[in-house]
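Colleague: I am new to this structure. Can we go through it in short questions and answers?

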Amino acid sequence: MTPTTPTHPARAVLELRDLRIWFRTDDGAENETVKGLSLSLAPGERLGLVGESGCGKTTTILAALGLLPANATVSGHVLYDGVDIIAGGDRTVRPHRWTDIAMVFQGAMSAFNPVHTVGWQITEALQVHRRFVGSEEARVQELLSLVGLPEGTEHRFPHELSGGMKQRAVIAMALACEPKVLLADEPTTALDVVVQDQILRLLVELSERLGLALILVTHDLGVVAQSCTRAAVMRGGEILEEGTVEQLYRSPAHPYTRTLFESTPDIAQVGARPRPEPAPALLAVDGLSVEYPGRGATRRAVSDVSFQVAEGELVALVGQSGCGKTTTLQAVMGMLPGASGSVLVDGAPALGIRRAERRRLRERVQMIFQDPYESLDVRFTVADTLEEPLLVFKVCRDRAERRDRALAALESVGLTPAEQYIDRYPHQLSGGQRQRVAIAAGLVLHPALLLADEPVSMLDVSVRTGVLQLLADLKERERMGILMITHDLSTAAEYADRIIVMRDGRIVESGTPDEVVHRPGDPYTQLLIDSIPSPDPARTT
Amino acid sequence: MHRRRYVWRRTIFAIVTVFVAVTLNFVLFRVLPGSAVTRISRVPNASPELKQALTREFGLDRPMWEQYLLYLKGLFTGNLGVSYANRQPVTANLADAFANTLPLVLTGTVIALAIGILLGILSAVRRGSPFDHVMTNVSVAFYAFPTQFLGMMLLIAFAGLLPSAGMSDPFAELATPWEQFVDRGAHLVLPVATLALTLYAENLLIMRSSVLETLGEDYILTARAKGLSRGRIIRAYAVRNAMLPTVTMIALALGSVVSGAILIEVIFSWPGIGRALYEAVLHRDYPMLQGGFLVITITVVVFNYLADLAYAWLDPRVSD
Amino acid sequence: MTHPGTTLVSLPRGRRPRNRRRGAFGRAIREPGAIIGLAVILAFLLLSIFAPLLTPYSSREVSCGVFEAPSAAHWFGCDDGGVDVLSLVLEGGRISMFVGFAAAAISILIGATVGILSGYFGGWVDTVLMRITDYFLVIPQIVLMIVVAAVWGPSLDHVIVVIGALMWTSTARIVRSQVKSLRERTYVRRVEAIGAGHLRIVLRHILPQLGPLLAASAVLAVTVAIFNETALAFLGLSDPNAITWGTIMERAFNRAAVSTGAWWAIVPAGVAVALLIVGCYLLGRAIEDALNPRLRVSHLGLRTWALRQSAADDFARASEPVERTRTTGATPDPGTEDQR
């Protein structure tokens, strides 16, 4: 990191001045989404635009390239090199697209046209803008090697590349016409942490090597701290605070900035905690293996996994996508009767069981899912959702009793006063509230073991803390055992009593957060730890 | 490699479908209660000798599975039986009819495809414009009129101007090949126009919505960010990608080509396969009915198969 | 429905409804096309129900001359047998619509059952059912209908059963893919994890979500069914004694209405079919479009975002000169730009 960029450059390469954006809704109303935003970017500078979902950060950078949909109205100025490029609408922005300002989108998966090769799509950009005439092929190869893609990638189709490779190819395409400014919208959100780290390093390196100014839009303060020099914090369409990343981290002026930093887990700050006194095991997994019949050979999704979760203990199963953590969870739920090994929940087997036994198992184990926006049936009120498990297991005598238990469950997940929430529909709840309702639906049956599948990964940072704290409380108060699977080692380290790291279907490491973070035994764990961007800009990895 | 496997699978599917159709044919005519061939007694104008001959030919006095094998053997040797109506082999009757149908159906379908796809694209890229509204509303109207209704209306409207029945004028003395060609062409106009009008609307609506769907894809936004012009995005992205679903949808709409062709041949007395089917129904000529069903089904399966191959060629992702 | 991770950008969504949530029905029914479609269907239903009261003459008895042209007494003229065409069309609508709706109901029932079983259970159930569906989809239905109708003999019941039993394939495919995606939704997996049985999940959580889709399929199936009825009738495979829009046209054709130029014997029935089909199509299409999230986004509309001059603009110009882009000249036009 070289914080050499002057804070007040002679002339900004890109400047947004008093940008306002309205969206017309179907019923004709206009919502002001961006409210008089001003921002300036010096040549070669890297600026982080941080905010939670719906704060207007993506809208802002789309407006800078004139890419808003037809129901948007824009006022203000977007100055590129001192010239207002949006003054004539779409027509005047177009000549600046890709040649001066390029963009990297969030979902690399769908940014490429699936029916053309990567090389074709990069060449197209060169040809349209008449750059590198006659040497397009060489330029494409140069670009691909610049982002670290192997030779021959230009002949491949987008679906033949992994997520990380695709994002690299997207960056290569963005750099094709040697732009001065790169706008990157959550460029690493869909990627695993190790790949995310590589892509961020690549962006920083390219920015330094090519003198490229960068606006990095993200919700993750760690990403900004590690790759940007300056940052602006957005909320409700406005910039609340702006400064160097150091300033924001050391002495945030706005309380919202402080909340954001406090909610961002910092793995370096994990300390030794007192071990909970030994309790009887609720879940005992022993020698679990799961095989899926593949083409030709069978694929082992999980091999020989053993661990335990005790009463009143929160265990985190950490690993990247495809490591087998979800499969393990399904086996515990009794959804994979063909798995081998043994899984005992409260003494009862979860493998090789029949329907009736699985039903009994479900009363003891409940599950929380990742996506709070989809985990509730939109046609069901909160009451319907909470009473459904009671109806399924016929545990209550009458409506009144069911309602009482639903109310009690709402209270226990912190939605108080419960009467205020019980008759609402999901669309009347926020993301965090929905996740709490989903948790409450798991609690009405008073299960002994709670399985949580990435319970906060789709929630905004400032809401995550509350939900995680709720899980920690349930563990203490109700003496529940909780098995949480997550890709995020830093979250796990902050809340779990024990961490199990999985890779390629095997457990590579397990121990208390303190042990795993500070004295990892496996190089893979070390790699994971090193890849996590720290919110402290001073601590580079 | 994926592509090769895909092509194999579609080939096998096509073959199995033909086999299913063949078997269905057998079941419909022999096994179902009240099925046709077993009621030899209902064959019109049949002499006892013919009835005996038929019983022997179909093996009606043998068990069902033997009849089935006999039937399959007949198919493979191109023997579909003898038409009750004109005592000619069904295969010969059908070959003539098929040759007559081809020019009508091919011309009509190609015109309908060309107009439908072109106007569908224009309509989609001008979504919401007056042009779009006129195009979609007119198409919905043409989609809604029954084929036979459109055909009859054209007949009434062009009575005396264009020939209304048959493939050529049997009474005219046409010396030069050129005059014959003009005569045949004139006979084609109304049937082809009817077919094209009934089919283009469906193609237009299919193409329009496929293009609209691609315009919502994320790579269109990337293309705009790349600074591509609207025209280029439409040509290289929207239309190109919209062809994928369109190929499949249009292949599935082949059924309407068939029903359109049958009705049109009846209305314009076109001696094609549809009319042969109609006559077979009128005269309860079961061998012809059976043969016609088989020929049409196999043709549709073949065109579907060609569409599958086109899809594999258009989409690099084909793997599943 | 939008996942932050799966779409490129998540643009602000419109204001959320305060009441129970507006589904595809709610969105569709605000479209003019859907309103017209629904109005047409209702009008036809009413006309059919009250046909006996509305027919000016008997549809079975002679009331005027052969192919008499339309007049004040006979609005739509008369047919080859001297029967009032208006009365015929009103009467025929009853049976045609009954055939259409009954056949559509059969096809939706079969299609929904196959689609739900296939999409919900997956695995070999799915493989087998979808294979069967694929075969049915490829085999030209109208020909199969002709064959079956010919073998069984002409009768309205046969027409209904044959059309219904052969038309379900597209419904089955659409329902299957919808159920497959619903099955992967988190809330369905959550309810499953709770321990709810298949029946409960299907009936309480999946079927209600299919409502609009089934409605759209049903009205679109009505169009196909009515279309096929007229085709079969035209080929002489419907009940020769029944009066339907199809048999009216068939009779007119076979009794030389075309060569005598008696268009009034054909047009009313044909237009009635077309109107009803347009109505069903508009309604079905509006619901289908409302269900398709991909049609709600367009990255390349005719219009683009609009530019608004702000009050602060003059201030900005005064405080620091802003170069205007050369291409636009002095008066940049605010608002829509055709960017082609």
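Colleague: At roughly what angle do the axes of helix 11 and helix 12 of chain B cross?
Modeller: This is a predicted model. Helix 11 of chain B covers residues 273-282, and helix 12 of chain B covers residues 286-314. Their axes come within 9 Å, and they cross at roughly 150°.

Colleague: Is helix 11 of chain B roughly parallel or roughly antiparallel to helix 12 of chain B?
Modeller: Angles over 145 degrees count as roughly antiparallel. The axes cross at roughly 150°. Therefore helix 11 of chain B is, relative to helix 12 of chain B, roughly antiparallel.

Colleague: Is the crossing left-handed or right-handed?
Modeller: Take helix 11 of chain B as it passes helix 12 of chain B. The crossing there is left-handed.

Colleague: How many nonpolar residues are in this helix contact?
Modeller: Helix 11 of chain B brings B:Ile273, B:Ala276, B:Leu277, B:Ala280 and B:Val281. Helix 12 of chain B brings B:Met288, B:Leu289, B:Gly292, B:Val295 and B:Ile296. One residue of the contact is polar and none is charged. The nonpolar residues number nine.

Colleague: Which helix of chain B gives the most to the side that touches chain C?
Modeller: In all, 54 residues of chain B are in contact with 45 residues of chain C. The side of chain B that touches chain C has 36 nonpolar, twelve polar and six charged residues. Seven residues come from the element that gives the most, helix 12 of chain B.

Colleague: How far apart are the end C-alpha atoms of residues 288-307 of chain B?
Modeller: An unreviewed UniProt entry places a "transmembrane region" at several spans of chain B, including residues 181-201 and 288-307. Residues 181-201 are 100% helix, with end C-alpha atoms 29 Å apart. Residues 288-307 are 100% helix and 0% strand, and their end C-alpha atoms lie apart by 28 Å.

Colleague: Now chain A. Which strands are the edge strands of its six-stranded open sheet?
Modeller: The strand order is 6-7-8-3-9-10, with mixed pairing. From one strand to the next, the twist averages 15°. An edge strand here pairs on one side only. In chain A these are strand 6 (101-104) and strand 10 (238-244).

Notes
Residues numbered from 1 in each chain as written. Chains lettered and ligands numbered in written order. Predicted model: local features only at pLDDT ≥ 70, side-chain atom pairs only at ≥ 80, totals over all residues. Pairing = 2+ DSSP bridges. Helix = DSSP H or I, 4+ residues; strand = E, 2+ residues; numbered from the N terminus. Axes fitted to C-alpha atoms, helices over the stretch in contact; angles between N-to-C directions. Parallel < 35°, antiparallel > 145°, perpendicular 65-115°, else oblique. Left-handed = near helix turned anticlockwise from the far one by under 90°. Contact = placed C-beta atoms within 7 Å. Nonpolar A, V, L, I, M, F, W, Y, C, P; charged D, E, K, R; others polar. UniProt positions renumbered as here; feature names shortened; annotations may be inferred.
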